[in-house]
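Please keep the sequence and the 3D view at hand while reading.

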Amino acid sequence: MSIENVISAAIVRQFSDKLLENLVVDVAIVGGGPSALVAARYMAEAGLKVAIFERKLAPGGGTWGGGMLFNEVVVQESALHILDAFGIRHTPIADHPGYFTLDSVEMASALIYGAVHAGARIFNAMSVEDIVFKDGKVNGLVINWTPVERLGMHVDPLTVIADAVLDGTGHPSEIMHLATEKAQIRLDTPTGKILGERPMWVDSGEASTVENTREYFPGLFACGMSANNVSGGYRMGPIFGGMMLSGERVAGQIIAKLRK
Ligand code: 48F
């Protein structure tokens, strides 16, 4: 067999095995931003089968670009244990105790590495275009290649079945929109709908992101900016403690639920 054929056949076989193994999972996560990557790592470490489906080629979401493309972000003391768990270095802000700067490229790459090495699978360049909704519960995801989505090609998708679906899609809360608009689901919010993100108020947004991380409908959880948007929280810009704490929190909630 020629080396050209060996390379191609090995990739096709290996990828097919990987996808086949993840067509039924414990937790299917939509989006590979910081909150989802933290959640993925902790759930995988707890022994759950976790797969992330990320639209872009590079997971990491809004981490890479720091603040206005200055590739540094800020994290507060309450999230330092997560930075330490992922081996992400940080520098105290001299005149503001309790706050730290860190390199956003180091952060993104460490979160991805940490999630994957804990056992979570990341499928990149795949977009979630719908949910599986059966018997009054969210049961999984409908996936397709991002280039198919971007080019508007008429190609039917595949499905992934999951005990829990986690919306980690950031500001747009894409899965929550599909749930409310297409599946006519009433979310666990005062109106049953997505309340929508409010303008910037850092402390409030950081706290509410974590507080509003939860299951919004049987089988459907939200973390990070998606949870904040669903629950009408304020935005916070390039501070990431709340995102990571949200990931840690939702991991605990899903682990507790699936172990029952
Ligand atoms: O937005 P994002 O980074 O999620 P997050 O964990 O973090 C928010 C912060 O980055 C930032 C902030 C912090 O203070 O305000 O915004 O809430 O990452 C979301 C990821 O989800 C992907 C998207 O490409 C991004 O990488 N995504 C969104 N919709 C889909 C998706 C979809 N339908 N299918 C697959 N991936």
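Helix α4 covers residues 104-118, and at 1.5 Å a residue its 15 residues should span 21 Å; the end C-alpha atoms are 21 Å apart, in agreement with that expectation. The model is predicted.

**Helix α4 and its surroundings**

- At the start of α4, a side-chain oxygen of Asp103 comes to within 2.9 Å of the backbone nitrogen of Val105.
- The helix is followed by Gly119, which has a positive phi, near 120°.
- Buried residues of α4 are Ser104, Glu106, Met107, Ala108, Ala110, Leu111, Ile112, Gly114 and Ala115.
- These buried residues pack against the helices α2 (34-45), α3 (80-86) and α9 (241-259), and against the strands β3 (72-76), β5 (99-103) and β6 (121-124).

**Aromatic residues**

- The structure contains 6 aromatic pairs.
- In the pair of Phe133 and Phe217, the ring centres are 6.0 Å apart and the planes meet at 50°, so the pair counts as tilted.
- This pair links distant parts of the chain, since Phe133 belongs to strand β7 (residues 126-134) and Phe217 to strand β11 (residues 214-217), 84 residues apart.
- Phe133 is partly exposed, at 34% relative accessibility, whereas Phe217 is buried, with a relative accessible area of 16%.
- One aromatic cluster is formed by Phe15, Phe53, Phe123 and Trp145.
- Arg41 lies over the face of Phe86, at 4.5 Å from the ring centre.

Conventions:
Residues are numbered from 1 along each chain as its sequence is written. This is a predicted model: local features need pLDDT of at least 70, side-chain atom pairs count only at pLDDT 80 or more; totals for chains, interfaces and linings use all residues. Side-chain values use heavy atoms; hydrogens and water are left out. Helices (H or I, at least four residues) and strands (E, at least two) are DSSP runs, numbered from the N terminus. The expected span of a helix is 1.5 Å times one less than its number of residues. Buried means under 20% relative accessible area, exposed over 50%, partly exposed in between (1.4 Å probe, protein chains only). Contact means heavy atoms within 4.5 Å. A polar contact is a pair of N or O atoms within 3.5 Å; within protein, one must be able to donate a hydrogen and the other to accept it, and residues adjacent in sequence count only if both atoms are side-chain atoms. Rings of Phe, Tyr and Trp (its six-membered ring) pair if their centres lie within 6.5 Å; planes under 30 degrees apart count as stacked, over 60 as edge-to-face and the rest as tilted. A charge sits over a ring if NZ of Lys or CZ of Arg is within 6 Å of the ring centre and within 35 degrees of the ring normal.
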